[in-house]
Amino acid sequence: MAELLIVRHGQASFGAENYDDLSDLGRQQSRALGDTLRALDWVPDRMITGSLMRQKQTLEEMGFDGDAEEHAGWNEYDFHDLLNSRYGGVAPDDVITDRKTHFRALRETLTEWQQGGIASAGESWLTFCDRVERARQAAVSDRLERVLVVSSGGAIARLVADSLSLPNDQMIALNLQIKNTSTSRFVFSKEKFFLHEFNSVPHFHNAERAALMTYS
């Protein structure tokens with residue numbers, strides 16, 4: 001069966017004016033993953049990213065030859081929009097800049113969003129689910145052996161949860177544990193699609209690189 005390898009982007013610039021830009025650490029993470037995949041003789045036949053800068057930069061730093069396609073269905077949900085909408089237009093400063101406060105608020109916000117709340121948000125939960133599924137279908141449409149996608153935690157968690165028929169609250173739990181530049185592997189054929197491996201970081205499994213691992 002063919003493989004769909006989905007990578008979460010490298011560490012972005014949390015708390016900075018432009019979040020959608022890899023940090024220096026995020027670039028190191030991405031290069032480490034690319035080196036490891038090549039050492040394992042895993043080279044993609046097709047490459048796809050969302051339209052976000054951090055996703056494209058991750059693939060660029062991974063260093064594979066060839067052009068990548070773009071499919072916005074692999075983009076993250078707009079967590080800034082969700083948080084701002086939940087708080088009446090502008091989220092409190094600490095919700096944006098303090099990691100502990102941010103992720104507690106995000107967990108609560110995602111739960112409310114999944115239940116049909118936050119009507120003022122630019123994207124509904126059902127619309128998000130639909131676009132991720134359409135992106136998945138497009139990625140597995142060609143008869144290629146190895147498809148590489150660079151996406152984001154929410155989209156990956158949604159796809160994993162859907163493939164295992166998990167409830168929405170489990171999707172949130174998956175989302176918040178996905179490591180930067182981790183890989184989630186699916187195997188597929190024309191009729192079948194299975195999760196094979198989740199949140200793997202073989203490129204950090206040595207003493208030299210272990211300190212590179214991050215979750216946000």
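The model is predicted, so local features need pLDDT of at least 70 and side-chain atom pairs count only at pLDDT 80 or more, while totals for chains, interfaces and linings use all residues. Residues are numbered from 1 along each chain as its sequence is written, and side-chain values use heavy atoms, with hydrogens and water left out.

Begin by selecting Ala-2, Val-140, Ser-141, Asp-142, Arg-143, Leu-144, Glu-145, Phe-188, Ser-189 and Lys-190, which line the second largest pocket. This pocket holds about 190 Å³ of space, where a volume is the space filled by probe spheres set on grid points that are joined across faces, edges and corners. Its lining has four nonpolar, two polar and four charged residues; here Ala, Val, Leu, Ile, Met, Phe, Trp, Tyr, Cys and Pro count as nonpolar, Asp, Glu, Lys and Arg as charged, and the others, Gly among them, as polar.

Next, select Arg-8, Tyr-19, Phe-103, Leu-106 and Ser-216, which lie nearest the centre of the largest pocket and belong to its lining of 16 residues. The volume of the largest pocket is about 240 Å³, and its lining divides into eight nonpolar, five polar and three charged residues. Helix α5 (residues 99-114) gives the most to this lining, with three residues; helices (H or I, at least four residues) and strands (E, at least two) are DSSP runs, numbered from the N terminus.

**The sheet**

Now show the strands, six of which form an open sheet of mixed pairing in the order β3-β2-β4-β1-β5-β6, with two strands counted as paired if DSSP finds at least two bridges between them. At the edges are β3 (69-70) and β6 (193-200), each of which pairs on one side only. Strands β2 and β4 run parallel and are joined by four bridges; to see one partner pair, select Thr-49 together with Val-150 in β4. Strands β5 and β6, by contrast in direction, run antiparallel and are joined by five bridges, among whose residues Arg-185 has Glu-197 in β6 as its bridge partner. A hairpin of four residues leads from β5 to β6.

**Helix α2 and Gln-55**

Select residues 53-62, helix α2, where seven of the ten residues are buried, so that the helix is largely enclosed by the rest of the structure; buried means under 20% relative accessible area, exposed over 50% and partly exposed in between, with a 1.4 Å probe and protein chains only. The buried residues are Arg-54, Gln-55, Gln-57, Thr-58, Leu-59, Glu-61 and Met-62, and they pack against β1 (2-8), α1 (24-39), β2 (46-49) and β4 (146-151).

Leaving aside residues up to four places away in sequence, Gln-55 touches His-9, Thr-49, Gly-50, Trp-74, Asn-75, Glu-76, Val-150, Ser-151 and Ser-152, contact meaning heavy atoms within 4.5 Å. Leu-22 is 33 residues from Gln-55 along the chain, and their C-alpha atoms are separated by 8.6 Å. Just after the helix, Gly-63 takes a positive phi of about 85°.

**The nonpolar cores**

A nonpolar core is a set of buried Ala, Val, Leu, Ile, Met, Phe, Trp, Tyr and Cys residues joined through side-chain atoms within 4.5 Å. For the largest one, of 41 residues, select Leu-4, Ile-6, Trp-74, Tyr-77, Trp-113, Phe-128 and Val-149, which have the most contacts inside it. At least two residues of this core come from each of β1, α3 (79-86), α5, α6 (125-139), β4, α7 (153-163), α8 (168-175) and β5 (183-188). Apart from it lies another core, of eleven residues, including Val-7, Met-62, Phe-64 and Val-150.

**Two positive phi values**

Most residues other than glycine have a negative phi. Finish with Thr-181, in the loop between α8 and β5, whose phi is positive, near 60°, and which is buried with a relative accessible area of 0%. Then select Asn-199 in strand β6, which also has a positive phi, of about 60°, and which counts as buried at 8% relative accessibility.

Key: On a 1 Å grid over the protein atoms alone, a cavity is a set of points where a 1.4 Å probe fits but cannot get out, and a pocket is an open set with protein on both sides within 12 Å along at least five of seven lines; lining residues have an atom within 4 Å of a point.
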